Amino acid sequence: MTRLERHQAKMRVRLGGCLALVAFVLMAAGCSKNYGHFSKSAEVDRAFRQGNHQADYQYFYAGRDNMPYAIIGIDRSYTVPSRYWVPFDPEPEMLRKMSGNIYGKLSSDPAGYHILDPDGTIIGVWFSNVYNYSVSVDQQNRTVEVLFPNPENSRSLSIGLSGHGDWQ
């Protein structure tokens, strides 16, 4: 191999490394800026337990209606693109019963949380005893995906509810 060929090979490796680094940084920045977070709230906890709902939220449950894994209320300006989140009209008595019969409540008490977008704005509420969760917010398309592991399957924490896949 000539000097020129060695030099060209080194330059291709450097260029490839730089491109990979740029792609990684862009991907990491894109991923991190779309995630919201949860903030524990005694007010939200009390509202669910009393069967009170907010009219400006649409409500969903995951799991069975008589024993849900989780209940969420999401600002009506967003959609929840998942077949695992079932929309329902939160009549006070129904919401109180569902909140009082969260799956696995005998092992740990459910709690209420605010759901916040990446900027820290409240966009919803969460009630469950599942504590391994995440929320992805696409502000441009106005979608919210709340993900968490299936509490009935303890084999893996990768089991979850999302708008992109099935039970795994």
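Arg49 pairs up with Asp45 in a salt bridge (a side-chain nitrogen of Lys or Arg within 4 Å of a carboxyl oxygen of Asp or Glu), with the closest N and O atoms 2.7 Å apart. The model is a predicted one, in which local features need pLDDT of at least 70, side-chain atom pairs count only at pLDDT 80 or more, and totals for chains, interfaces and linings use all residues. Residues are numbered from 1 along each chain as its sequence is written, and side-chain values use heavy atoms, leaving out hydrogens and water.

Arg49 and Asp45 sit four residues apart in helix H2, about one helical turn; helices here are DSSP runs of H or I with at least four residues, strands runs of E with at least two, numbered from the N terminus. Asp45 is buried at 18% relative accessibility, while Arg49 is partly exposed at 38% (buried means under 20% relative accessible area, exposed over 50%, partly exposed in between, with a 1.4 Å probe and protein chains only).

The count comes to two salt bridges. Glu93 and Arg96 make one of them, again at 2.7 Å from N to O, and lie three residues apart in helix H3. Glu93, at 40%, is partly exposed, and so is Arg96, at 34%.

What about the two helices themselves? The axes of H2 (residues 42–50) and H3 (residues 92–100) come within 6 Å and cross at roughly 115°, where axes are lines fitted to C-alpha atoms, for helices over the stretch in contact, and angles run from 0 to 180 degrees between N-to-C directions. Phe48, Arg49 and Gln50 of H2 touch Leu95, Arg96 and Ser99 of H3, contact meaning heavy atoms within 4.5 Å.
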